[in-house]
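Please look over the sequence and the structure before reading on.

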Amino acid sequence: MKKILFLYVLISLKTYAQKSDFKHINFANADSIANSYKNENLKSLPKLALLLTKNLDTDAEKFRAIYIWVCKNIKGDHAAVSKNTRKRTRFKNDSIKLNLWNKSFNKVLFKKLLKNKKTVCTGYAYLIRELCSLANIEAKIIDGYGRSPEVNIGELSIPNHSWNAIKLNTKWYLADATWSSGYTDLNRNTFILDYNDGYFLTEPQLFLKSHYPLVEKWKLLQDDVSSTLNFVNAPLVYGETFKLQIITIYPIEMKNNISKDEDFFFQLQENNELDLSQIDIQIENFPYTKPISISLAP
């Protein structure tokens, strides 16, 4: 039997600059309000925005109520995503046809959003922006590249994702209602609402692991020199990693050539206390294994 690599994990702790800005706020009231209007429709966005925010004092709580409502009431439309991707790929070198397609698709998209509460990332981002605006909160739609096991691995696709930047207390924050809301079960062709809080006010360094904006300033990272090439070649980070707020520090690339019996280190940065005994590592063609050692960085 082949021996696998000697695996080591180094954990470093960090206080995040995003959610921790609001650690003094209990979002339970905002969540409760959002959940109480579960069956509210989208016929009147001003009415919905008022219902969600009128009894909340701070912009952070108001945004939380809006975000939770959108994530728990709007379903993803996988068929629309697939069709839009095919068309935009087909027309990527024809700006006139691409523009015409975008206009026609957006008309259908927003009608379906308002009528059926189904949409794609653009619809999620649009709805967040509009509800925030009605609540006097500044929000922007950020277009760029979203990274998943199917796209932006090794090479850059066409721009394929949208999310939001939100201004709270004069500072910008990042959030992705699309990826917070749930996932599509392709076997049943059904969208599963499964809220992931990891994409709410996410630390920019972690957010950049799976979101690369077309406009560099929306990385919200000072002195960042990373490129789209770094982005597509980095380790893939999504889902549970966001939920646990873990940032991968090392390795910096997804593909690494390692010799038999060679030492290999992973360095992770996390904000919450993890049960280190639960950390497993899986390598292709090998069963799950435990690291040789796990240590905390000073």
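## Overall build

The model is predicted. The protein has 298 residues, and 43% of them count as buried. Its secondary structure consists of ten helices and twelve strands.

Among contacts in the protein with a separation of 6 or more, 65% are between residues 24 or more positions apart. The exposed surface comes to about 16800 Å². Carbon and sulfur atoms supply 50% of that surface.

## The largest pocket

The largest pocket holds about 1700 Å³ of space. It is lined by 49 residues, and those closest to its centre are Val81, Asn160, His161, Thr178 and Trp179. Several elements give two or more residues to this lining: the helices α4 (78–90), α5 (95–116), α6 (121–134), α7 (177–181) and α10 (240–243), together with the strands β4 (139–146), β5 (161–168) and β7 (182–185).

Which element gives the most to the lining of the largest pocket? That element is α4, with seven residues. Sorted by class, the lining of the pocket has 23 polar, 17 nonpolar and nine charged residues.

## The cavity

Rolling a probe the size of a water molecule over the atoms shows where empty space is left. In this protein the count comes to one cavity of 30 Å³ or more. About 30 Å³ of space lies in the largest cavity.

The residues that line the largest cavity are Trp163, Leu174, Pro204, Phe207, Leu208, His211, Pro213, Trp218 and Lys219. Helix α8 (204–207) and strand β9 (211–213) are the elements that give two or more residues to this lining. By class, the cavity lining divides into seven nonpolar residues, one polar and one charged.

## Cysteines

A disulfide is a covalent bond between the sulfur atoms of two cysteines. How many disulfides are counted here? The count comes to zero. Two cysteines can be described by their accessibility. Cysteine 71 has a relative accessible area of 1%, so it is buried. Cysteine 132 is also buried, because its relative accessible area is 0%.

## A buried aspartate

Aspartate 31 sits in helix α1, which covers residues 28–36. Is this aspartate buried or exposed? Its relative accessible area is 19%, and buried means under 20%, so aspartate 31 counts as buried. Leaving aside neighbours within four places in sequence, aspartate 31 is in contact with Arg64 and Ile68.

## Backbone details in loops

Tyrosine 250 and proline 251 are joined by a cis peptide bond, with omega at about 5°. Proline 251 lies in the loop between β10 (246–250) and β11 (263–270).

Asparagine 169 is not a glycine, yet it has a positive phi of about 55°. This asparagine is in the loop between β5 and β6 (171–175). Asparagine 169 counts as exposed because its relative accessibility is 60%. Aspartate 223, another residue other than glycine, has a positive phi near 60°. Its place is the loop between β9 and α9 (228–233). With a relative accessibility of 75%, aspartate 223 counts as exposed.

Key
Residues numbered from 1 in each chain as written. Predicted model: local features only at pLDDT ≥ 70, side-chain atom pairs only at ≥ 80, totals over all residues. Heavy atoms only, no water. Helix = DSSP H or I, 4+ residues; strand = E, 2+ residues; numbered from the N terminus. Buried < 20%, exposed > 50% of the residue type's maximum accessible area, 1.4 Å probe, protein only. Contact = heavy atoms within 4.5 Å. Areas by Shrake-Rupley, 256 points an atom, 1.4 Å probe, with all protein chains shown as cover. 1 Å grid on protein atoms, 1.4 Å probe; cavity = no way out; pocket = protein on both sides within 12 Å on 5 of 7 lines; lining within 4 Å. Points joined across faces, edges and corners; volume = space filled by probe spheres on them. Nonpolar A, V, L, I, M, F, W, Y, C, P; charged D, E, K, R; others polar. Disulfide = S-S within 2.5 Å.
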